[in-house]
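Colleague: Could you walk me through this one before I set anything up?
Modeller: Gladly; here it is, and we can go from the overall picture to a single element.

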Amino acid sequence: MHRILVVDDNAIWRTATTLTVQSLDLETEEASSGEEALKKVQANYYAVILMDCNMPIMNGFECTQKIREREKSNAIRMSIIGLTSSVAADIEEQCLKAGMDAYLDKACSFEELRQQVSKWAIRAVCNR
């Protein structure tokens with residue numbers, strides 16, 4: 001079974017995203033900060049990480065860059081999807097530049113989330 005890590009500093013968004021992913025019959029874990037996400041990634045493999053872009057202390061962009069740096073030494077790549085409510089015109093570019101594979105607006109539909117998680121979970125398994 002694919003394990004998904006949901007990273008968000010906002011408990012309401014984190015819980016809502018987790019429940020949505022669980023409705024897809026996927027196993028989830030949660031992290032409430034970039035620091036906590038890094039600790040979990042060091043101890044576990046996740047097919048997909050749903051990463052909030054705007055968190056205090058260590059935002060999702062910085063956390064993603066640290067994960068990608070760590071992956072260089074172990075040749076295992078996890079898929080990371082940025083989650084944001086930002087309306088910045090260059091948000092997709094920011095996510096990709098940080099090393100994320102894709103991004104979704106936090107207000108995306110269930111179907112959009114399902115498609116992205118499915119797509120990137122399959123790719124992560126192939127890259128493992």
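Predicted model: local features only at pLDDT ≥ 70, side-chain atom pairs only at ≥ 80, totals over all residues.

Colleague: What does the C-alpha trace span along its principal axes?
Modeller: The C-alpha trace of the protein chain spans about 35 × 30 × 25 Å along those axes, and buried residues make up 47% of the 128 residues.

Colleague: And which pattern does the chain follow along the sequence?
Modeller: Read along the sequence, the pattern is β-α-β-α-β-α-β-α-β-α, with five helices and five strands in the chain. Among contacts between residues at least 6 apart in sequence, 61% join residues at least 24 apart.

Colleague: Switching to α4, which residues are buried there?
Modeller: Helix α4 covers residues 91–98, and I91, C95 and A98 are buried in it. Seen down the axis of α4, the buried residues fall within an arc of 70 degrees, so they line one face of the helix.

Colleague: What do those buried residues pack against?
Modeller: The buried residues of α4 pack against helix α3 (60–71) and against the strands β4 (79–84) and β5 (102–105).

Colleague: And on the other side of α4, which residues are exposed?
Modeller: E93 and K97 are exposed on that other side.

Colleague: Last topic, charges: how far apart are the mean positions?
Modeller: The mean positions of the 15 positive and 19 negative charges of the protein chain are 6 Å apart.

Methods
Residues numbered from 1 in each chain as written. Heavy atoms only, no water. Helix = DSSP H or I, 4+ residues; strand = E, 2+ residues; numbered from the N terminus. Buried < 20%, exposed > 50% of the residue type's maximum accessible area, 1.4 Å probe, protein only. Contact = heavy atoms within 4.5 Å. Lys, Arg positive; Asp, Glu negative; His and termini not counted. Charge placed at Lys NZ, Arg CZ, Asp CG, Glu CD. Arc of directions from axis to C-beta.
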